[in-house]
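Me: Hi! Could you walk me through this model with me asking as we go?

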Amino acid sequence: MNGNGSWKPLEIGPADVGAPASRDGLIEYLNGRIDLGALLTKEKAIVFRGFGVVAETLDPVMDLLLPNRLAYVHGNSPRTKVGQNVYTSTEYPPEFTISMHNELSYAAAWPARLLFFCQIAAETGGATPVLDAALWLDLLDPAVRAAFAGGVRYQQNLHDGHGLGKSWQDTFETDNRDEVEQFLGASGATWQWTRDGLRVSQIRPATIRHPVTGVEVWFNQSDQWHPAALGDSTAAALTQILTEDELPQSVTFADGSPIPADHVLQIRERGLDAAVDVNWRPGDLLLIDNVLVAHGRRPYTGKRRVLVAMSD
């Protein structure tokens, strides 16, 4: 495991807070014994471990950790909705790494908090790496940071039910075009209905500042949207048969000029190298500040089931 300096998530177990090793013990601790918001801003990420939480008893805990659960609207990652705004974590083949990112950083609005719950731990691997996003920014070469100063332009080609990637119906959790247009109009995106579906373009910043601490963090998904960082052979083959403008998702600098491949590879590799792994045990919960901390996924074998929810 690679470390990122001295930072790592705070781990809280029953013995650490004098609470019973049960779901009710965790609820008692969360119910007024701490200022969770202040603690999360200070620690950036918290692992609750050893409280015996199971999926069937998760909702009351989630209600305390995520006061206003959000739907995964405009999300580009394949997931299955399994409860009230609760989803499976990214359903991407287990042999591949998911690089570091802040959830929905390409969108006009993003969740403030993410909560992960481990229902089934992988046989091997499957850790969720987490990374101090301010450190990630510091790790990049000055020339790379300068190149991104004007922001980035993201483009999505969302099919109408048959095609590569996600459909616009799945992406926006509706089949009503008026609702989609209302959402996109409010977000400042531009869009076009096409013969095959919907094309969306939006310009977003490459860095933002945390609303409480004011610290500047790396906050974009340019490496994940760039063809140079496609990590599996099937995805890489798409670049041989489709133009960049036809890919399910692509990215350029804000002015439309191409982002050099070596820039996005540096972003991806330095982020993954500096991340700290959260190695799952069944019942673990990981709460992160989605601005201060980026996350990803290590490859794994065996069955793995991690649920995720988010809030503002």
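This is a predicted model: local features need pLDDT of at least 70, side-chain atom pairs count only at pLDDT 80 or more; totals for chains, interfaces and linings use all residues.

Me: Let's start with strand 2. Are its residues buried or exposed?

Reply: Strand 2, residues 45-48, is covered on both faces. A45 and V47 are buried on one side, and I46 and F48 are buried on the other. In a regular strand the side chains alternate between the two faces of the sheet.

Me: Which way does strand 1 run against strand 2, parallel or antiparallel?

Reply: Parallel: strand 1 (residues 10-12) is joined to strand 2 by three bridges. I12 has F48 of strand 2 as its bridge partner.

Me: And how many bridges join strand 2 to strand 16?

Reply: Four, and here the two strands run antiparallel, with strand 16 covering residues 285-289. The bridge partner of I46 in strand 16 is L287.

Me: Switching to helices. Which residues of helix 2 are buried?

Reply: Helix 2 spans residues 23-30, and its G25, L26, I27, Y29 and L30 are buried.

Me: What do those buried residues of helix 2 pack against?

Reply: Quite a list: strand 1, strand 2 and strand 16, plus helix 1 (14-17), helix 3 and helix 4 (58-65). After helix 2 comes G32, which has a positive phi, near 100 degrees.

Me: You mentioned helix 3. Where does T41 sit?

Reply: T41 belongs to helix 3, residues 36-43.

Me: Why does T41 count as buried?

Reply: Because its relative accessibility is 19%, and the cut-off for buried is under 20%.

Me: What is T41 in contact with, leaving aside its neighbours within four places in sequence?

Reply: T41 is in contact with H210, V212, T213, D289 and L292.

Me: OK, helix 11. What span should its 14 residues have?

Reply: Helix 11 (residues 261-274) should span 20 Å at 1.5 Å a residue, and its end C-alpha atoms are 20 Å apart, so the two agree. Its buried residues are H263, V264, Q266, I267, R268, G271, L272 and A274.

Me: Now the largest nonpolar core. Which residues touch the most other members?

Reply: Among its 42 residues, those are F116, W136, F148, W218, L286 and I288. Helix 11 gives the largest share of this core, four residues.

Me: What does I288 touch?

Reply: Not counting residues up to four places away in sequence, I288 touches L40, K44, A45, A112, R113, L114, F116, V130, V293 and H295. There is also a second, separate core of 26 residues, including L36, L58, F117 and A309.

Me: Which residues lie nearest the centre of the largest cavity?

Reply: S89, T90, F116, H295 and G296, out of twelve lining residues. Strand 5 (98-101) and strand 17 (293-297) each supply at least two residues of that lining, and strand 17 gives the most, with three.

Me: Last one: how much space lies in the second largest pocket?

Reply: About 270 Å³. The second largest pocket is lined by 15 residues, and N157, L158, H159, D196 and E246 are the closest to its centre. Strand 9 (152-159) and strand 11 (197-204) each supply at least two residues of that pocket's lining.

Conventions:
Residues are numbered from 1 along each chain as its sequence is written. Side-chain values use heavy atoms; hydrogens and water are left out. Buried means under 20% relative accessible area, exposed over 50%, partly exposed in between (1.4 Å probe, protein chains only). Two strands pair if DSSP finds at least two bridges between them. The expected span of a helix is 1.5 Å times one less than its number of residues. A nonpolar core is a set of buried Ala, Val, Leu, Ile, Met, Phe, Trp, Tyr and Cys residues joined through side-chain atoms within 4.5 Å. Contact means heavy atoms within 4.5 Å. On a 1 Å grid over the protein atoms alone, a cavity is a set of points where a 1.4 Å probe fits but cannot get out, and a pocket is an open set with protein on both sides within 12 Å along at least five of seven lines; lining residues have an atom within 4 Å of a point. Grid points are joined across faces, edges and corners, and a volume is the space filled by probe spheres set on the points.
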